[in-house]
Amino acid sequence: MFEGVPIHWFLVLSTVMFFIGIYGFLVRKNLITMLMSIELILNSVCINFVAFNKILYPGHLEGMYFTLFIIAVAAAEASVAIAIIINIYRRIVNIDVENMNEMKY
Amino acid sequence: MTNNQFMFLLFSVVIVVFSLLTVTSRRILRAATFLLFVLVSTSGLYFLLRFNFLAAIQLTLYAGGIVVLIIFSILLTSHINEKLSIPPVTKRIYAAIAAVAGAVLCILTILQTEFVQKTFDPSRVDIHTIGEGMLSTGKYGYALPFEVISVLLLAAMIGSIILAKKRKD
Amino acid sequence: MIDFSYTIWILLIPLIVFVGTGLTGNRFKPNVTGIIGTTGLGINFLLAIITAYKYFFVLDKVGGAFQKVLGFNMTWLHLTDKLHIDIGVLLDPISVMMLIVITTVSFMVHIYSLGYMKGEKGFARFFSILSLFSFSMLGLVIATNIFQMYIFWELVGVSSFLLIGFYYEKDSAVAASKKAFIVTRFADLGFLIGILLLSYNTGTFDFITLTGPNSPAFTSGQGIMFLGMSTMTWSMLFIFMGGAGKSAMFPLHIWLPDAMEGPTPVSALIHAATMVVAGVYLVARMFPIFHHEQSGLEIVAWVGGFTSLFAAVIACTQYDIKRVLAYSTMSQIGMMMLALGVSGYGGEEGLGYMASMFHLFTHAFFKALLFLGAGAIIHSVHSNYMNEMGGLRKYLPITHATFLIACLAIAGIPPFAGFFSKDEILVATFHHNKILFAMAYLVAGMTAFYMFRLYYNVFWGKDQHYHHTPHEAPATMTVPLIVLAIGSTFAGFIPFSKLVTSDGMPFETHTEWGIAIPAVFIALVGIGIATVLYMRKSETSKKISIALGGFYTAAFNKFYIDQVYLFITKKILFNLVSRPIAWFDRHIVDGAMNQIAFVTNVASDKIKGFQSGQLQQYALAFVSGVIGLALLFIYLWTN
């Protein structure tokens with residue numbers, strides 16, 4: 001227990017954030033906004049790790065390290081994604097995901 | 001209501017509201033700004049949990065780095081005044097159903113679960129401990145993931161440069 | 001003990017020649033291939049002579065009898081310790097005799113073909129397949145066990161098929177080769193069943209065991225009766241069916257006349273002297289068992305006798321000279337079968353066996369000679385029909401002389417070879433069954449008649465209008481004719497009863513003048529009638545044929561056997577059996593497959609829309625799936 005804030009609160013918060021990210025990913029057409037939805041999802045996971053670490057296993061640091069690595073991976077992912085997006089923009093002058101349907105039947 | 005409860009609820013409300021705005025806003029630059037608010041609030045949560053180093057990283061890297069990167073790319077690919085089109089109703093309904101159903105399922109499961117919650121440890125994590133853990137090869141040491149991540153970052157950097165470079169054609 | 005292991009080279013040389021010339025084929029000049037093939041056969045011929053000399057004159061006899069010697073043996077397929085299939089060389093009087101026959105005739109035919117086939121398109125192919133045939137035929141006669149024999153038996157069938165269809169651009173040749181192959185294959189099915197029955201009951205394939213004095217075939221397979229005959233008798237009958245197919249016995253004879261579509265040397269080698277006597281050889285090889293199953297042997301005798309008469313009647317009416325010879329071959333092979341069928345076993349009892357082998361030996365010489373002579377005639381006048389020939393004795397003196405010798409030999413005029421062997425057959429038949437003897441006697445007369453009908457029509461009578469003056473064949477063709485003519489003249493003086501007998505014991509034969517004189521008499525009568533009718537072209541023969549009416553027409557049309565076969569296959573088998581099966585195959589089997597393909601096609605056409613290329617649809621499906629699975633495993637599927 002963290003001074004009146006049970007772990008459930010954190011978990012519910014991260015869940016809500018996660019599914020808002022999912023919603024955004026499913027609905028948004030623009031590739032950059034989809035990327036932002038992914039950042040939301042990653043962030044909600046980070047919150048989970050941190051909360052578990054601090055409230056359930058206060059003596060350890062695994063959750064924190066995981067979060068650090070997730071942030072690093074997210075940075076790498078964002079840079080590569082943006083490079084790809086710019087490349088696509090160069091080719092078809094918009095970045096709507098619905099126009100990227102070459103790989104179908 | 002304790003201070004902590006208050007702060008937590010404040011951050012939560014900010015996070016949820018701005019998350020929603022991020023995924024619904026029709027102006028893409030605003031969406032990026034809302035995302036920035038979400039990320040900052042998240043780092044507030046980390047401060048609340050006494051993970052000061054982590055919160056700092058979150059602020060500098062996420063809020064400072066990634067969001068800036070995103071804004072740059074937005075400026076590269078769209079006009080400031082451009083409004084995103086509203087997605088079709090059916091698409092929104094399906095996505096909402098899936099998201100709400102998943103959220104309800106998860107929240108129900110979380111609320112039904114009993115966790116063994118320890119007493120709060122108010123101490124902050126020493127930066128030395130983090131550094132030694134990061135480079136230690138023994139138990140609770142993260143030397144290998146650290147090195148792998150550095151290679152990954154290098155690869156991502158080179159990859160992005162190659163991808164974004166203009167082709168000679 | 002003499003080492004006979006070199007005899008395996010008799011098999012290997014033609015095989016090597018076949019593979020070598022078959023692979024290099026057109027690289028060399030055609031003549032090179034021909035000479036390689038002929039040389040190989042020449043070496044084989046020498047080996048056969050050496051082997052025969054060693055076997056008959058050097059090897060010690062045991063108790064006065066010739067022994068069966070395993071020259072070479074290796075296990076090829078080891079099935080069980082008792083049952084294994086070997087490949088090897090078995091030497092006994094008949095196989096050594098066959099070695100001589102095959103290598104001699106084959107060697108002569110090779111030399112002859114060098115001239116006859118000159119300039120043909122498939123010259124190299126022809127010689128290559130001739131080598132294959134020699135290999136298979138030699139393997140057949142020296143087989144140590146019935147399974148090896150079966151393997152080479154089929155190889156002989158294949159090479160026969162290839163050679164009949166040598167002019168594969170001609171439709172009739174293709175049809176003839178198919179017919180020969182299908183008919184003999186059908187007969188070989190019987191052979192295979194016979195082999196399986198026999199080996200199942202006796203537990204062995206080995207000839208030495210099977211035909212020895214304590215053969216398991218004498219005791220096993222006697223209990224179960226089917227249609228009044230024991231299993232062993234049935235297996236013998238099935239084996240005889242295979243032999244009848246290869247030897248063109250009635251009613252499986254229909255392929256032989258058509259097989260004359262092949263080049264004439266092939267007809268001489270395969271369809272007169274060697275392959276078609278394989279059936280006779282097979283019965284002789286299994287003779288102790290046949291002798292033990294008397295009812296089977298009786299059938300052999302009657303089939304042989306009937307075929308002999310039947311073919312002789314048809315031969316009297318044909319105009320194609322090769323067909324006359326083909327029917328004559330059938331008739332003579334029928335005589336051999338007849339002789340086997342009436343023979344006893346051991347010593348003088350085995351006179352018929354000896355006579356059959358003797359006739360096989362002499363027949364090979366004069367029938368090969370007749371065919372090669374016919375080839376020389378066809379070569380010079382470019383026609384197969386005797387009514388387009390006449391007066392050829394002036395143009396083809398050597399062919400004429402050798403042909404006359406062959407005709408006299410086959411007619412059974414002393415001192416030519418045919419007289420001696422035919423006389424032995426008649427004697428053996430006379431002592432066994434008077435009706436069969438009457439048939440054989442009649443055949444002897446008819447043989448003389450139709451051979452001299454052919455002879456006079458070709459060489460006497462008026463000149464026809466030829467495109468160009470007929471000329472004598474080159475030396476490569478006349479030399480084999482002369483060699484074979486010498487063989488036909490003197491082969492009868494070989495003391496066969498001292499060499500080739502049913503149990504290896506030599507015995508004395510003495511000419512029974514009571515039978516020999518009437519036999520010569522009827523042959524002379526046949527020749528006399530032919531002389532009167534055909535020496536000068538006269539109308540008498542036409543009048544006689546008109547007087548005979550329906551019988552003549554039936555004989556001219558080969559007694560409509562081909563039509564019967566066509567009726568049975570086309571009308572009955574095709575319509576009643578094949579068509580329903582074809583329908584079933586097309587509509588049920590194929591239909592089921594087509595339906596499956598159709599359903600798959602439609603279904604995939606409907607569901608391919610799921611792969612839309614829209615990332616967000618995939619993601620939606622993925623998220624829904626994860627939620628569904630979580631729901632399933634957390635709430636629904638709990639114990």
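Chain C and chain A touch through 10 residues from chain C and 10 residues from chain A. On the side of chain C that touches chain A, five residues are polar, four are nonpolar and one is charged. The structure is a predicted model, with an ipTM of 0.91 and a pTM of 0.67.

Confidence can also be followed along chain C. The average pLDDT of chain C is 84, and 97% of its residues score at least 70. The two ends of the range by element are listed below.

| Element of chain C | Residues | Mean pLDDT |
|---|---|---|
| Strand 3, lowest confidence | 225–226 | 68 |
| Helix 25, highest confidence | 615–636 | 90 |

Within chain C, one pair of helices can be described in more detail. The axes of helix 4 (residues 123–141) of chain C and helix 5 (residues 146–164) of chain C come within 8 Å, and they cross at roughly 155°. Angles over 145 degrees count as roughly antiparallel, so helix 4 of chain C is roughly antiparallel to helix 5 of chain C. The crossing of these two helices of chain C is left-handed.

Which residues make the contact between helix 4 and helix 5 of chain C? Helix 4 of chain C contributes Ile129(C), Leu132(C), Phe133(C), Ser136(C), Met137(C), Gly139(C) and Leu140(C). From helix 5 of chain C come Met149(C), Phe152(C), Trp153(C), Leu155(C), Val156(C), Ser159(C), Leu162(C) and Leu163(C). Sorted by class, this contact between helix 4 and helix 5 of chain C has 12 nonpolar residues, three polar residues and no charged residues.

Technical notes:
Residues are numbered from 1 along each chain as its sequence is written. Chains are lettered from A and ligands numbered from 1 in the order in which they are written. This is a predicted model: local features need pLDDT of at least 70, side-chain atom pairs count only at pLDDT 80 or more; totals for chains, interfaces and linings use all residues. Axes are lines fitted to C-alpha atoms, for helices over the stretch in contact, and angles run from 0 to 180 degrees between N-to-C directions. Helices (H or I, at least four residues) and strands (E, at least two) are DSSP runs, numbered from the N terminus. Angles under 35 degrees count as roughly parallel, over 145 as roughly antiparallel, 65 to 115 as roughly perpendicular and the rest as oblique. A crossing is left-handed if the near helix is turned anticlockwise from the far one by less than a right angle, and right-handed if clockwise. Two residues are in contact if their C-beta atoms, placed from the backbone, lie within 7 Å. Ala, Val, Leu, Ile, Met, Phe, Trp, Tyr, Cys and Pro count as nonpolar, Asp, Glu, Lys and Arg as charged, and the others, Gly among them, as polar. pLDDT is the predictor's confidence in each residue, from 0 to 100.
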